[in-house]
There are 4 protein chains.
Amino acid sequence: MSASADDGAEALLGAPLTPRDVAIKDLGRALLPSPVARHLGDSALRYVGAADKVLLDDAVSAIRSDADAGERAAFELAGPRDRIFFDPRTVRVGIVTCGGLCPGLNNVVRGLVLELSYGYGVRHILGFRFGYEGLIARHGHVPVPLTPEVVAHIHHDGGTMLGSSRGEQDTGEVVDNLEANGIGILFVIGGDGTLRGALRLAAEVERRGLKISVVGIPKTIDNDIPFIDRSFGFVSAYSAAVDVIRSARVEATGAKDGIGLVKLMGRHSGFLACQAALASTEVDLVMIPEVPVSLADASSVYTHLSKILDRKGHAVIVVAEGAAQEQIGSPAGVPGTDKSGNAKLKDIGTFLRDRLGEHFAGRGREVTVKYIDPSYAIRSVPACPSDSIYCWNMARNAVHAAMAGNTETIIGRWHGRFVHVPMQLATRGRRQVDPSGDLWSSVIESTGQPRIFA
Amino acid sequence: MSASADDGAEALLGAPLTPRDVAIKDLGRALLPSPVARHLGDSALRYVGAADKVLLDDAVSAIRSDADAGERAAFELAGPRDRIFFDPRTVRVGIVTCGGLCPGLNNVVRGLVLELSYGYGVRHILGFRFGYEGLIARHGHVPVPLTPEVVAHIHHDGGTMLGSSRGEQDTGEVVDNLEANGIGILFVIGGDGTLRGALRLAAEVERRGLKISVVGIPKTIDNDIPFIDRSFGFVSAYSAAVDVIRSARVEATGAKDGIGLVKLMGRHSGFLACQAALASTEVDLVMIPEVPVSLADASSVYTHLSKILDRKGHAVIVVAEGAAQEQIGSPAGVPGTDKSGNAKLKDIGTFLRDRLGEHFAGRGREVTVKYIDPSYAIRSVPACPSDSIYCWNMARNAVHAAMAGNTETIIGRWHGRFVHVPMQLATRGRRQVDPSGDLWSSVIESTGQPRIFA
Amino acid sequence: MSASADDGAEALLGAPLTPRDVAIKDLGRALLPSPVARHLGDSALRYVGAADKVLLDDAVSAIRSDADAGERAAFELAGPRDRIFFDPRTVRVGIVTCGGLCPGLNNVVRGLVLELSYGYGVRHILGFRFGYEGLIARHGHVPVPLTPEVVAHIHHDGGTMLGSSRGEQDTGEVVDNLEANGIGILFVIGGDGTLRGALRLAAEVERRGLKISVVGIPKTIDNDIPFIDRSFGFVSAYSAAVDVIRSARVEATGAKDGIGLVKLMGRHSGFLACQAALASTEVDLVMIPEVPVSLADASSVYTHLSKILDRKGHAVIVVAEGAAQEQIGSPAGVPGTDKSGNAKLKDIGTFLRDRLGEHFAGRGREVTVKYIDPSYAIRSVPACPSDSIYCWNMARNAVHAAMAGNTETIIGRWHGRFVHVPMQLATRGRRQVDPSGDLWSSVIESTGQPRIFA
Amino acid sequence: MSASADDGAEALLGAPLTPRDVAIKDLGRALLPSPVARHLGDSALRYVGAADKVLLDDAVSAIRSDADAGERAAFELAGPRDRIFFDPRTVRVGIVTCGGLCPGLNNVVRGLVLELSYGYGVRHILGFRFGYEGLIARHGHVPVPLTPEVVAHIHHDGGTMLGSSRGEQDTGEVVDNLEANGIGILFVIGGDGTLRGALRLAAEVERRGLKISVVGIPKTIDNDIPFIDRSFGFVSAYSAAVDVIRSARVEATGAKDGIGLVKLMGRHSGFLACQAALASTEVDLVMIPEVPVSLADASSVYTHLSKILDRKGHAVIVVAEGAAQEQIGSPAGVPGTDKSGNAKLKDIGTFLRDRLGEHFAGRGREVTVKYIDPSYAIRSVPACPSDSIYCWNMARNAVHAAMAGNTETIIGRWHGRFVHVPMQLATRGRRQVDPSGDLWSSVIESTGQPRIFA
């Protein structure tokens with residue numbers, strides 16, 4: 001798939017798995033006319049038809065080599081349907097935000113509430129507090145009734161008005177609670193752990209024969225969920241990182257042989273590090289999980305840095321938190337996992353800070369390393385204008401999907417358009433930076449670093 | 001083409017015209033190996049092949065209905081080629097910026113210079129001053145030699161370090177100058193008028209049998225050039241507009257029945273007005289050229305505003321400069337054209353400011369209209385982080401295209417990827433907001449205004 | 001008063017008028033112990049004593065030359081008093097914001113409400129809507145009950161949550177309304193016209209023998225009210241102007257012989273123009289009302305600009321709206337006055353834009369003037385952090401003054417400390433930039449322009 | 001000195017020590033006429049006379065109680081003198097920046113160079129690199145010749161273009177270097193350690209009978225140098241801290257019983273913590289070195305926090321780095337001193353983070369503490385507009401002082417005016433927040449916390 005700009009997503013699609021749109025089982029019997037055009041006084045509104053699908057691979061070569069065009073892998077286009085499954089007057093909707101903060105969470109919550117209220121006339125929307133924990137009745141968190149008034153201004157603030165938490169909860173208890181609250185649609189905003197949890201909820205819902213739609217809005221500040229080329233909040237995040245990198249550069253220039261070192265989010269995927277470095281234009285070295293790197297004394301990392309220090313008198317490094325993990329000497333105890341089930345990473349930031357000092361000291365060069373770990377400063381910003389629009393559209397499409405009876409679905413983005421991506425596909429792997437692709441090329445041209453460290 | 005998110009572009013492609021890639025005539029005889037991989041120390045670099053094309057229409061339905069897949073309309077993918085036409089050691093390159101300011105101009109100039117210098121080893125780059133005017137020898141503007149050092153920090157500033165001007169110049173004189181300077185590649189950064197001028201240059205070049213590549217980087221703060229779903233600087237522009245709209249809202253709330261009125265760029269296309277309104281979330285009414293509107297007293301515009309004033313006590317309007325032109329009573333003299341050949345618009349901003357006051361006064365309601373025309377404040381901002389990346393990639397791809405011998409080509413963007421778009425196609429019409437498409441739907445949901453004014 | 005940094009204030013104090021602190025007439029009989037220390041759980045709180053006064057002139061030379069040190073002019077220090085006049089449990093307080101918008105209005109309103117509520121335990125606070133107009137009962141504007149909850153977040157927004165209006169209202173009607181609402185304290189936030197109105201209110205209050213305290217918080221984006229060296233919102237305003245000047249500079253550099261022209265507020269005083277130019281560091285010429293300027297063809301203004309254009313290729317001008325009024329040819333009709341009673345100014349901005357073009361055209365130089373009038377963009381910004389603190393302290397001191405029974409008083413600032421300034425003194429003239437003082441020196445060093453235009 | 005708003009400065013002035021202006025010894029013989037008025041084409045310029053002094057105490061009560069007004073403590077007013085000591089055509093000037101970064105360093109360097117060049121016509125200015133280290137010849141750092149062109153744009157960047165370093169250098173070697181370079185004036189920009197070093201330099205200069213003026217521009221992000229009520233960069237620093245506090249608040253609201261904890265600079269003085277908290281308006285608890293605090297389980301800190309958590313569900317704490325040092329259990333090794341000779345502090349941030357968790361866990365309340373240490377992000381920002389002006393004026397006055405032959409002097413600010421403060425006085429102690437003064441009152445009213453922790 002040479003024509004793709006979407007590093008890392010396409011490799012996940014094995015031969016047998018093509019996108020399969022998932023809808024509530026007995027959908028056929030209950031389809032109602034959509035009220036959207038009427039509510040919006042919009043007779044010209046164009047509904048999306050079932051045949052509106054976007055090819056997974058749109059390279060001309062792919063078309064040629066494929067005998068049966070009709071069987072080609074494709075995603076259902078997102079958007080309003082002319083027939084919907086849930087009755088807006090009676091359906092009860094739940095919203096929950098899970099995992100770490102990410103810019104735009106409040107925008108998505110607000111968008112869901114506005115589209116449900118104004119587009120469809122839905123009247124019962126509950127915000128569950130503090131992630132999946134708020135869906136466990138015995139924890140006693142009272143859900144917040146959400147109305148357009150309640151959410152009107154929340155997007156001016158970062159974070160999530162619902163609160164969040166990490167970690168799984170008992171699937172049965174959660175579905176009990178959904179039943180007890182009469183929930184027909186549950187919007188789950190969260191990362192891959194959260195979406196896997198949502199899949200289990202959907203399975204339990206199906207097992208019990210319930211008609212509850214579970215729709216995910218993928219949240220990943222690492223931008224690593226497949227089939228969504230831009231996760232919400234990602235632009236805000238790398239934009240905020242630019243300011244941090246500027247700080248690091250200023251600090252670096254303030255000292256003789258100063259090195260500014262910034263650790264950014266990115267457990268397995270270096271998108272944030274790459275885009276922040278590109279946007280900043282002030283970075284001399286980027287390290288990401290996808291490109292192995294040696295920190296042995298003779299390695300090219302140090303050679304590159306020496307040249308930079310010789311030429312400019314200072315250097316700036318951006319390292320993704322998941323980079324160079326294999327280079328960090330194992331401490332006695334193996335790192336465990338956090339509440340979200342993610343393996344705890346060894347800290348490349350402090351390791352590198354110390355290692356750089358040692359390396360250059362061993363060569364008679366006293367460098368001054370200024371290390372910044374800006375995690376909270378980045379994830380807590382309000383959505384930038386671009387993300388503000390993006391979250392709004394993602395939320396609208398999630399509402400359209402759910403009202404039409406889709407379930408086990410997330411809203412993805414493929415070749416510039418919003419599409420329905422089966423939740424199973426979206427949780428199957430992760431997007432990564434392709435070490436021989438254009439994004440990484442762009443980074444190495446910007447930094448002047450070698451493409452492959454040896 | 002129901003699956004397209006790209007309002008307005010597809011309608012331009014008539015049956016006979018499919019994208020045709022344009023290259024310098026006797027390209028075949030002179031192809032050199034590309035030095036990019038070598039210069040970047042990047043053996044893994046993936047060059048783009050001639051067959052890497054992106055379908056114009058990637059809806060499944062389009063594929064099915066088309067017998068001969070091979071003849072399908074498609075764009076050449078942008079990116080580095082393994083064989084190039086110009087010898088980097090000897091080629092002389094010119095860069096010129098034309099027309100009104102737009103965020104990111106300096107980023108594009110910087111990107112061109114860096115990619116030419118570091119990617120290809122080009123040594124002779126001239127920046128022509130003040131638009132096409134600087135290409136006329138007798139005007140005496142001395143071109144600026146451009147090196148990585150000269151352009152290193154220019155992107156922190158808005159505007160263009162080269163200066164700009166509007167208007168045509170004599171094609172013959174310009175080509176004389178290109179010959180005199182030994183220019184092999186001319187990068188033209190400008191809008192549709194500028195690109196039409198570039199087409200004429202290319203024609204004259206061909207007539208004279210010269211081997212000069214003319215490559216365009218389309219600049220349009222209105223985002224209305226076809227086959228480029230996002231023009232550089234556009235995100236920066238609508239982000240800056242959000243602050244202006246906030247001012248208007250604050251002013252509106254400061255007075256009884258206050259109305260904040262913001263006029264934004266958009267002669268024929270309302271993209272900037274739409275996206276700024278969406279990003280702001282504080283707008284009650286958007287008026288764009290694509291959606292006709294009556295300003296007669298009984299019209300729905302006033303009804304909508306009255307309701308807003310009743311409910312909130314104030315209202316915010318965003319109007320594109322080209323909206324409602326037919327509603328403005330002709331003054332004695334017909335407006336002429338500006339230097340770029342654009343028809344001068346009648347001023348909807350001041351007209352609407354006065355008309356609103358009159359209308360409501362006639363109904364016993366004294367409104368206070370605060371009118372803001374922020375044109376300079378928006379177009380002069382530095383590129384936001386997202387545009388910083390975008391300009392960098394657009395410039396890199398323009399260099400790849402030119403070095404490989406493409407001419408009469410602009411860098412476009414189709415379905416999320418950079419592509420080569422024949423200049424003739426790009427100047428053939430304009431993108432517009434589809435009044436029954438998703439963008440306008442999104443706006444009317446956000447503002448609550450009627451989709452069609454009557 | 002050679003040691004003063006406060007251009008323009010000292011000249012206002014004629015021989016007979018020394019500051020006279022004004023308090024409600026029969027203050028002596030009714031003094032209650034202040035609850036502030038108790039409410040704040042703050043036994044260490046230091047109350048301000050009556051003898052805490054700040055010298056008007058603190059130059060050593062002034063002390064020497066003065067026989068009777070005790071009679072020296074001085075201001076009462078602002079701050080909490082240990083005895084107060086109004087009973088916090090029963091007093092009813094009104095707040096009104098008048099005139100044009102200014103950054104920090106919401107901060108002041110919030111500060112008043114918080115200090116009244118938490119510091120003193122006041123329970124009845126009314127916000128009158130839309131300036132003095134809201135104090136006229138027959139206009140039917142319902143006042144807003146103000147509580148800490150209502151005002152908690154208003155300061156994140158520019159403007160005033162109460163709305164504002166210009167112009168006088170009938171003094172008798174206003175006092176009727178105050179009586180009808182049982183108001184004991186009225187906080188008036190406004191400029192010199194507003195404060196003169198407040199003086200009339202206070203006179204009528206005294207005539208009727210009422211015990212209503214009228215305390216002013218001076219608002220002037222021109223920073224021209226005497227005995228207050230920094231008006232609230234002024235720092236925010238000139239900070240916002242810096243961005244506008246940057247736009248003008250970018251526009252100027254984008255054209256051959258480009259001139260960026262920014263008109264800033266400043267009817268009679270050029271403080272905003274001066275400080276904005278200093279903060280920006282990008283201005284080549286500042287014109288203020290205090291320094292007469294000739295725009296005849298041979299004048300030094302043009303000579304200076306010509307040199308700048310020759311050297312840099314562009315120039316940036318900041319002009320205060322009240323500058324060079326005498327240079328603008330009278331149109332047929334004489335400008336009248338606006339609702340606030342201010343004489344309408346002739347528009348120096350558009351005049352200068354046209355005049356510059358004509359002048360240079362007459363000398364064969366085609367300049368491009370980009371003119372920006374950013375009034376709304378500047379006055380509508382939220383308070384910057386520095387003003388946020390400043391407004392909070394100004395509001396606290398206004399509450400302390402009013403609760404202690406002061407009336408006809410504004411909160412001023414003298415030599416770095418908050419003081420009580422009699423309203424009569426504050427409305428007696430205006431601060432102006434001293435053409436031979438340090439501020440103007442600083443400007444001419446920064447711009448390189450001549451100190452006096454001839 | 002009850003009338004003073006300047007917490008902490010006045011207590012430093014013991015009976016015997018009144019300000020004593022220091023000038024180069026044989027000043028009388030060599031006074032030249034100042035060229036400033038001539039250079040600025042400014043015949044109206046007002047020079048400052050020797051008698052222009054500002055009273056240390058300007059309270060009326062102070063005047064009354066003092067028999068001999070003439071002997072009253074007072075500061076020499078800063079500003080241009082009509083006679084100067086150094087010959088601008090020949091004097092050689094050095095500039096050095098020392099210690100940690102602080103916003104505005106580049107503005108001060110730029111201001112010095114511009115005033116020296118344009119105001120006085122000085123032609124030889126050297127910037128020494130990396131603090132006092134750059135003044136030691138054998139380290140081989142080449143000084144940078146500074147001209148108006150070199151410094152034109154440096155203020156758009158944070159940090160210092162000269163670089164900096166901590167720590168003392170051999171006084172003799174430094175003075176050797178000054179002699180070798182023929183330096184007549186040395187501007188030292190740094191904190192109290194740096195200024196003590198400068199005093200030693202001045203003593204050595206005097207011992208050798210040299211005519212070198214040593215003038216300090218006090219730099220302290222803690223704002224704790226006496227007799228300067230606002231250190232340059234301080235407004236920029238607390239403004240930047242507001243954003244960090246917002247992040248902490250967003251993080252705190254994102255979790256159940258979330259606590260946002262921000263550690264700010266302030267080794268011995270809590271000004272930054274106080275002003276940042278006031279400007280932010282979102283802080284529930286401020287801890288500063290001047291107010292002792294118990295962290296024992298029953299202490300009022302926890303009681304206050306519990307109430308906040310009960311009421312709001314989250315809390316925000318700002319702690320100055322020097323607060324509560326006595327509460328941190330001594331680790332085995334005693335902390336030493338850093339290169340600047342400052343005692344290393346124990347880390348109250350991480351200590352408090354852990355202690356808060358333990359305390360509440362012990363009471364069955366699981367709090368989530370999000371801890372941010374934003375040091376680099378705050379000190380590396382460019383100067384805000386207000387500091388831009390302030391640095392410019394401070395630099396101008398430093399040049400005036402030095403050219404007139406003052407030495408062992410810093411530029412201070414007293415009651416709103418720039419003054420000459422003897423270096424000995426300025427290094428004699430430090431400004432601190434007065435626990436019973438108005439600033440701390442303002443903080444406790446804003447946070448609702450108890451004034452004194454018990």
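The model is predicted.

## Helices 5 and 6 of chain A

Helix 5 of chain A spans residues 171–180, and helix 6 of chain A spans residues 192–207. Their axes come within 10 Å. They cross at roughly 65°. The crossing of helix 5 of chain A with helix 6 of chain A is right-handed.

Helix 5 of chain A brings A:Thr171, A:Gly172, A:Val174 and A:Val175 to the contact. From helix 6 of chain A come A:Arg200, A:Leu201, A:Glu204 and A:Val205. By class, this contact has four nonpolar, two polar and two charged residues.

## Chain A against chain D

Here 22 residues of chain A are in contact with 22 residues of chain D. Helix 7 of chain A gives the most, with five residues.

## Helix 5 of chain D

In chain D, helix 5 covers residues 171–180. Its buried residues are D:Val174, D:Val175, D:Asn177 and D:Leu178. Seen down the axis of helix 5 of chain D, these buried residues fall within an arc of 155°, so they line one face of the helix. An α-helix has 3.6 residues a turn, so residues three or four places apart point the same way.

What do the buried residues of helix 5 of chain D pack against? Their partners are strand 5 (92–97), strand 8 (183–190) and helix 6 (192–207) of chain D. Just after helix 5 of chain D comes D:Gly182, with a positive phi of about 65°.

## Trp440 of chain C

C:Trp440 sits in helix 14 of chain C, residues 438–447. Is C:Trp440 buried or exposed? C:Trp440 counts as buried because it has 24 C-beta neighbours inside 10 Å, and the cut-off for a buried residue is 20 or more.

Neighbours within four places in sequence aside, C:Trp440 is in contact with C:Val433, C:Asp434, C:Pro435 and C:Arg451. C:Ala255 is 185 residues from C:Trp440 in sequence. The C-alpha atoms of C:Trp440 and C:Ala255 are 30 Å apart in space.

Definitions and conventions:
Residues numbered from 1 in each chain as written. Chains lettered and ligands numbered in written order. Predicted model: local features only at pLDDT ≥ 70, side-chain atom pairs only at ≥ 80, totals over all residues. Axes fitted to C-alpha atoms, helices over the stretch in contact; angles between N-to-C directions. Helix = DSSP H or I, 4+ residues; strand = E, 2+ residues; numbered from the N terminus. Left-handed = near helix turned anticlockwise from the far one by under 90°. Contact = placed C-beta atoms within 7 Å. Nonpolar A, V, L, I, M, F, W, Y, C, P; charged D, E, K, R; others polar. Buried ≥ 20, exposed ≤ 12 C-beta atoms within 10 Å, placed from the backbone. Arc of directions from axis to C-beta.
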